[in-house]
Amino acid sequence: MTIKQTVIDMPAIARTLSDIHVRAVRTVVEEVHAEGGSATSTPWKIAASYAVLPNPWLGQGTASNLTDYAAYAAPILAKELGGRLIDHLDGAQNIEAFGKAAVVGLEGEIEHGGAFIHTPYFGNLFRELLEGSSIICFSESRAEPSQSLRVPLWHKTAAATRDYYQSMEVHLPDAPHADEIVVMAVAADGPRPHPRIGDRNTDPAVTLAIFEEGS
Amino acid sequence: MKLRKITTIVDEVLTEGGATVDPVARTAVVAAVIENPWKGQGFVQQLNTGIDDIAPQLGKLLAPRVMEALGSPLEAYGKAAIVGLNGEIEHGSGLIHTLKFGNFFRDAASASTLLPAVEKRGPAGIVFDIPLKHFTDATIRSHHQSLEVRIPDAPHADEILVALAGASQGRPKQRLADLSTEQ
């Protein structure tokens with residue numbers, strides 16, 4: 001008796017950061033002990049991890065296919081960057097908010113950054129690693145090296161929870177060079193320090209009618 | 001010590017000049033942002049009391065964190081004090097240029113040389129570069145390097161940012177002749 005095997009044609013994926021020629025990885029963790037002059041209830045942590053890699057699509061024009069290389073390269077970026085955030089924030093179970101970003105060097109298109117972060121090959125895996133379910137908020141830009149980027153975060157399973165609307169500023173020394181892309185993942189272990197601006201469930205109805213006479 | 005935040009940065013360099021760096025070069029810095037202990041006191045002639053109180057607390061806080069963040073044996077190190085606009089550079093220097101601060105790092109890293117430093121006054125978010133040198137012989141040329149850091153939103157005018165930095169190796173792809181070859 002012979003067993004007939006079905007071969008599923010899975011796309012090849014990169015297994016290491018070296019496979020996709022990553023030049024550098026930087027991980028930044030902020031631990032906030034006091035804000036507005038008051039101690040936070042527990043030190044609150046917010047972290048970013050980013051990789052700097054060559055832009056694989058330079059010189060290929062705007063008709064080129066971006067999906068194939070994104071499918072190859074983005075999974076290992078999600079795994080490695082997400083893994084660093086999980087390490088620094090003491091486990092996926094302690095992570096409550098997340099976000100992502102891409103910064104493209106001056107020779108590339110922002111679309112190149114989008115190919116890495118806005119496709120399932122990054123976002124789905126990053127979300128799964130961090131045990132989230134929300135859509136992931138993001139920031140993207142094209143810039144010279146050594147600038148800073150502000151990246152938004154929101155709750156990983158309840159995106160509309162206002163206490164978790166927050167952002168992190170990240171400095172990118174010496175990156176991205178003109179022919180490089182920075183791909184970044186961010187996460188936080190809690191809401192903003194001292195959140196007290198309500199929520200959509202407690203807001204009064206606010207419409208343009210408030211400008212009408214007598215209201 | 002009034003601590004507002006601690007920022008940890010870990011750098012991993014996998015390639016330099018297009019060539020593979022193996023093992024990956026690791027560098028870590030940990031920065032504490034604290035209230036200037038001499039805030040609002042005008043010109044203070046004797047800084048000793050504040051130094052004796054704060055410098056050991058900073059050393060104790062930062063040294064083990066750098067070693068943990070680095071995650072591999074340390075070979076080069078350095079330090080920084082960035083003073084907010086209402087303070088004096090002397091305030092930052094007071095906190096880092098004392099054995100009561102540096103010895104915590106030297107002991108944690110089994111190091112023996114003086115720590116190279118940057119001292120600077122500036123607005124929140126100013127960029128600074130921390131110099132690093134070899135941890136037992138500051139003449140070892142392969143380990144002369146520096147690390148660019150910017151801590152957004154710090155130091156405020158009445159704050160001081162104090163940082164320790166460590167590297168697991170010299171410069172990535174270092175290949176300069178040793179100092180002794182020119183002597």
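**A loop residue and its surroundings**

Reply: The model is predicted. The place to begin is Ser110(B), which sits in the loop that runs between α3 (99-109) and β4 (117-121) of chain B. Is Ser110(B) buried or exposed? Ser110(B) has 10 C-beta neighbours inside 10 Å, and therefore counts as exposed. As a reference point elsewhere in the chain, Glu35(B) is 75 residues from Ser110(B) in sequence, and the two C-alpha atoms are 30 Å apart in space.

The bond from Asp22(B) to Pro23(B) is cis, with omega near 0°, and Pro23(B) is found in strand β2 (residues 19-35) of chain B. Ala154(B) and Pro155(B) are also joined by a cis peptide bond, with omega about -5°. Pro155(B) belongs to the loop between β6 and β7 (159-167) of chain B. For context, most residues other than glycine have a negative phi, and most peptide bonds are trans.

The next step is the meeting of the two chains. In this contact, 16 residues of chain B touch 21 residues of chain A. On the side of chain B, the elements that give two or more residues are β1 (3-16) and β6 (145-150). The most comes from β1(B), with 13 residues. By class, this side of chain B holds seven nonpolar, three polar and six charged residues. Strand pairing also links the chains: β1(A) and β1(B) run antiparallel and are joined by nine bridges. Within β1(B), Ile9(B) stands opposite Val28(A).

One of the pairs is formed by Glu30(A) and its bridge partner in β2(A), Ile46(A). These two strands form a hairpin with two residues between them, and Gly36(A) in the turn has a positive phi of about 65°. On the other hand, β2(A) is also joined to strand β7 (residues 180-188) of chain A by nine bridges, again with the strands running antiparallel. There, Ala47(A) has Ala187(A) in β7(A) as its bridge partner.

His21(A), in the segment before β1 of chain A, has a phi near 60°. His21(A) is partly exposed, because 17 other C-beta atoms lie within 10 Å. Ser146(A), which is not a glycine, has a positive phi of about 70° and lies in the loop between β4 and β5 (148-155) of chain A. With 14 other C-beta atoms within 10 Å, Ser146(A) is partly exposed.

The axes of helix α1 (residues 67-88) and helix α3 (residues 120-129) of chain A come within 8 Å and cross at roughly 25°. The two helices are therefore roughly parallel to each other, and α1(A) passes α3(A) in a right-handed crossing. On the α1(A) side, the residues that meet α3(A) include Ala70(A), Ala74(A), Leu77(A) and Ile86(A). Their counterparts in α3(A) include Tyr121(A), Phe122(A) and Leu125(A). By class, the residues of this contact are twelve nonpolar, one polar and one charged. In helix α2 (residues 110-117) of chain A, the buried residues are His112(A), Gly113(A), Ala115(A), Phe116(A) and Ile117(A). These buried residues of α2(A) pack against α1, β3 (97-104), α3, β4 (137-142) and β7 of chain A.

Finally, chain A may be viewed as a whole. Chain A has three helices and seven strands, and their order along the sequence is β-β-α-β-α-α-β-β-β-β. Its C-alpha atoms fill a box of roughly 75 × 55 × 40 Å along the principal axes. Of the 215 residues in chain A, 43% are buried. Among contacts in chain A with a separation of 6 or more, 76% are between residues 24 or more positions apart.

How values were computed: Residues numbered from 1 in each chain as written. Chains lettered and ligands numbered in written order. Predicted model: local features only at pLDDT ≥ 70, side-chain atom pairs only at ≥ 80, totals over all residues. Axes fitted to C-alpha atoms, helices over the stretch in contact; angles between N-to-C directions. Helix = DSSP H or I, 4+ residues; strand = E, 2+ residues; numbered from the N terminus. Parallel < 35°, antiparallel > 145°, perpendicular 65-115°, else oblique. Left-handed = near helix turned anticlockwise from the far one by under 90°. Contact = placed C-beta atoms within 7 Å. Nonpolar A, V, L, I, M, F, W, Y, C, P; charged D, E, K, R; others polar. Pairing = 2+ DSSP bridges. Buried ≥ 20, exposed ≤ 12 C-beta atoms within 10 Å, placed from the backbone.
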